[in-house]
Structures are given as C-alpha cells and as structure tokens.
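Subject: Handing over a structure

Dear colleague,

I am passing this structure on to you, with my notes on what was found in it set out below. Please look at the sequence and the coordinates first, and then read on.

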Amino acid sequence: MTDAAQLDGPDGLDGLDRLDRLDRLDRLDGGEAILAACRDLGVDVVFCSSGSEWAPVWEALARQRRDGVPGPRYLDLMHETLAVAMSTGYTLATGRPQLVLLHAVPGLLQGANGIHGALLTGVPMVVASAESTTYGETGSDPGSQWYRNLSIVGGPQAVAAPFTKWATQVGDASTLYGHVVRAAELARRAPAGPVYLNVPMEVLLQPWTRPAAARPVPEPGARVSPHSELARAAGLLTAARRPVILTESAGRHPDGFEALVEFAEALEIPVVEPQSAVCANFPRTHRLHRGGDATALLDEADLIVLVCCRAPYYPPSNRPADTQVLVIDDVPHRPYVDYQVLGADQYLEGDIAPTLRALTRSVHEVGVDSALVAQRHTEYATPPVPRQAPATSSPGIDPADVVDCLRELLDPDATVIDETITHARTVQQRLKADRPGRYSYVQGGLGQGIGVALGVKLADPAREVALTVGDGSFLYNPIVQSLSASKSLGLPLLIVVFNNRQYLSMKLNHLRFYPEGAAVREGDFRGVDLSEQPDLAALAEPFGLLGLSLSAPDDLRPGLEKALQAVRGGTTAIVDVRVTR
C-alpha cells in the first residue's frame, strides 16, 4: 500500500491531505480505481498494448506524474504478445504479478498465445480488456466502434475463460478496486496463473470514490503437510534401495532449487530433469544429476519421487507397474492438463521448499540407513557421460559447439531463455545450468521468446540475458515491435538464432509417420521450407542494433565475443548462426 508519508510535497501538505486534495480537484473514475489497486498490490509495471478503452487509466497516470504520487511504471508496447510475454518474464524474475492491459476482444485474442503460455508456466498476472454494455444509449458515449465492431456475444470473459485461471466481468465502478485486488490475490494462489477482468467502458468512466480503509494485500501463506504425512513419506524414502527423483519445475518455486539439492544429498538420490523440464531445477554439474533420460533408472527404481513433475511418463500408461510413487507438488493435478497420469501412492501437497526441508528433517528423525546411503554415494560419485550427437557433414556450425561457446562466454549469473525446438535438448544439456534462474524454457505457443527475455531484463537490468531460438520460432515473434522495445527501453539482449533454414520439427514428425512415403521418395515436403526467409541479422539494422551472420566454425567464438561486447555496452545483438542440423 502507498505510504502516505511518501506523498508529502513541497506544498507542505502531508500524504493524506494530498490525496484528499487530488480527490477534490479531479473527477476520479474507474481508471483511478485500477491505479489505486495497483499501488496497494505493489504492482511495479503496467504492460499495455494500447486500446481506446484505457483513456481513464492514462488520465490517472497523468495525475500520478503531475502530483508526484508513487505508483506503477507504465509501458506502451506495440504488440499484445509482446506485452504479455514481458509480463511473464518480469514475474519469472521477481515472483510479483503485474497488470496487462489489452484492447477489447481483438487484443485479447492477439495476446491469447502469451496468456496461455503464462497459464502453463504458472505465472500470475492480471489481464484486462473491455467491452461496451450500453452502446451509448445512457448518455455515456464509449465510441461507435464498440457498437459496430468490438462487441462479442457472451462478453470477452467467455473468450478468455479457456486459457485463464479465472475470468469475469466487473459490473460497476464501486466494485472495480475490489475486483482488481481479488484478481491479483487469486492469480497468486496455487495453481498460480493469469486471470482476466472484463472492465466495460461504462465502468471505467463511472465516478469512483477512494476506499476509506484500503490496506496492504498480504502475501499468500505457506503450506506444509502435517507431521504424520511427512513421517509416512520419510518411511518410503528410507526403505527404498533404488529411489530416483524426476523434476520439471521445482526451480521456479522460491528457494526450490536449493531445497531440492539439500533433499537429494541427504539420501544420495539421483535426479533426472526430463525433456519436459522447463527451468534449472538442480545443478547439471552435480554428481547426482543423471541427465535427461530416466529410462534406465526407472527400470531399476523401487521408489519414484516426482517433484513438480506433471508428465513423468510417456505414453502415460508407461508408469512402472510395481514401483511406488511419491509426489511432492504444490498442485499435483494441473487443471490445465487435459489428461494426466501420476500414479501416486502418496501425495505431499504444499509449498515446495518448505515441504522438501520438512521432509528432509523427517527423514533424519526416522533414521537413515547410512550404509545404503554410502553405497549410493559411491555409485553416483562420477557424473554420467553425456550422449554425443551424431556427426554430420552438412555445412555450418554444430549446435553443440554454439551452446558450449555460450556457456564459456556468458556471465555465470546470466539468464538463458530458450525457445528452440529440435535443439532444446542440446541447450539444456550443454548449458550445464548450475544455479536457479540460469535456464528457462518458453512454454506454450512459439513467438514469445524475445518478450519473455525483455521482461527478465526489465526486472533485473544488471543481469545478462540471452535468448536461444530457432529460426522458425524467431519468425513467429513480433520482431519489429520487440526490437523497438529493446531499443527504446534500453534493454539489451543477446539473441542467438539456431538457423537450419527449415521447420525441422515438422519434417521429423512427417518422417515418423510416413518413413517410406511419397514425400520421402520424391523429396516433396510441406510445412518445412524456410529457405526464403529474410536475412535475420539485417533485421537489427533499422534499430541501430548489431546483426551478425555466422556460418564457419572458426567465426563462432569471435562472433559471439563481439556480440557480447555490444550487449554489455547497451546494444542488443542478433547472431544468426547457420547450424549443421
């Protein structure tokens, strides 16, 4: 909540008198209600892809600047996917939900890809857009476009419902402040995710009176299973001879990365981050990290511990029949997953780091078989040898060499946002992320990577941020709008494009189903060719950014060094790397 003392100004008025004077001098409306809620929620940034409904919010922001009232920063962005993706990246870096303003139903649909990605990622945010409910018939004129083009049967909340956690319409300015606060609180509660508010134009324009007793919004409370459940789980763990941990997203929970390390080390349990892992969860350099393929360990396991792992088996029926399963998760059954099989024998549901630490204590209370733990320590003393990709004679640079070079050149605390597809395993394995926040995969539809990376950079300007992206994925991004934001906001990124000049994932799926089909025999594939793509490095030029094209192995390291020098000097660099596969 805004501290009234912070509002004291040179006119000698204290904070409360200053707010009171603002209320008397200005006609406050729904725009001020939204901004007041943002202040009390601690929202840092309002990400907006502009629509005509937001004039009341813009007026409130103008008053905020005029009167020196602390409040959220406002960013005008030129594409809805960019606005949502930047909010996602910002919240991944800070843990604090932000506000995204879009335009009516068309803007909501444009932003739907990013909103759905935030739902899958578990990123809380409040998304809002508008409609008209009176079409000018009551004396309030929202504009004839709302009558002609912008209304939709059932309201935009019906459109938003499938890809948000919660969606509703605000009926009156008197409840708008409370709706925004409730939406933000709901977004943060497990399972965290985006929520949607339809704020009609008429509500935004209605007079609004500041609440008499606005209060700070508290943090969500921590949840940990009771002692009896922890003791039962500890019994499973201490009795197991061949346990294995699978995790996809433990590292996205506060302190989850460190707590998982402590838990695994306490019992010398190997950890696997499968292909579905979406962030750095456990140090890839740790001797207990056993790579991304759990097949061999699952075949021998007598206890599988799923820590924030929504899809451990594929097909889902592949769950080992005679192996016990312990699930540790804040929300084991994801409501956005259409079909999910965990096959648990026990669930521990609660906040990840406190639960893991409480379970580690329970394990010691139950008593550890020291000889068994020592045996596993010896067995896993040597890190596994990563499987090498087959050599190829194709022209260009090996993708593994690109990641190796990035790992050596990037700042140890740099964040790598990954939006590759066929190269994702290479990036995960060879980046060797050894700390939380080092690696994060973009979830949902392609085209969000630059925005997510910009959001991380906005949240932590001192942190080095790199985006690894395939050429197909890169071309799905709102490139012009994203590079403009990078330039105007002073958010330098290193963008490394793994360019094989094709949608290789499309081709591989075709080959899987029709290995001897007509397309193979005739060399006649559809949905694959990207040979006519523009010069990707040249896209940097209109914005005064650095663009480099690399195709020879000897050029890789000097090129990346030059690009990083530019980034560290404040200029985004696009490095288009012609890769061999």
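A374 is partly exposed, because its relative accessible area of 40% falls between the limits used here, with buried meaning under 20% and exposed over 50% (1.4 Å probe, protein chains only). A374 sits in helix 14 (residues 370-379), where helices (H or I, at least four residues) and strands (E, at least two) are DSSP runs numbered from the N terminus. Between A374 and V224 there are 150 residues in sequence and 29 Å in space, taken from C-alpha to C-alpha.

Please keep in mind that this is a predicted model, in which local features need pLDDT of at least 70 and side-chain atom pairs count only at pLDDT 80 or more, while totals for chains, interfaces and linings use all residues. Residues are numbered from 1 along each chain as its sequence is written, and side-chain values use heavy atoms, with hydrogens and water left out.

Six strands form an open sheet with parallel pairing, in the order 2-1-3-4-6-5, where two strands pair if DSSP finds at least two bridges between them. Its edges are strand 2 (73-76) and strand 5 (166-169), each of which pairs on one side only. On average, and with direction ignored, neighbouring strands of this sheet are turned by 20 degrees against each other; axes are lines fitted to C-alpha atoms, for helices over the stretch in contact, and angles run from 0 to 180 degrees between N-to-C directions. Strand 4 (residues 125-129) and strand 6 (residues 194-198) run parallel and are joined by five bridges, and within strand 6 it is N198 that is the bridge partner of S129. Helix 8 (residues 176-188) packs on the sheet and touches strand 4, strand 5 and strand 6, its direction making about 170 degrees with that of strand 5, where contact means heavy atoms within 4.5 Å.

Helix 5 (residues 104-121) has 18 residues and reaches 24 Å from its first C-alpha to its last, close to the 26 Å expected at 1.5 Å a residue, the expected span being 1.5 Å times one less than the number of residues. Helix 5 has a kink of about 50 degrees centred on A112, where the bend at a residue is the angle between axes fitted to the seven residues ending there and the seven starting there. Among the buried residues of helix 5 are L108, G111, A112 and I115, and the buried residues of this helix pack against helix 4, strand 4, helix 6 (145-148), helix 7 (156-160) and strand 6.

H79 lies in the loop between strand 2 and helix 4 (80-94), and it counts as buried because its relative accessibility is 17%. Leaving aside neighbours within four places in sequence, H79 is in contact with S49, Q110, P478 and Q481.

Finally, some backbone details. Most residues other than glycine have a negative phi, and most peptide bonds are trans. C308, although not a glycine, has a positive phi of about 50 degrees; C308 lies in the loop between strand 9 and strand 10 and is buried, with a relative accessible area of 0%. The peptide bond from Y314 to P315 is cis, with omega near -10 degrees, and a cis peptide bond also joins A190 and P191, where omega is about -5 degrees.

With kind regards
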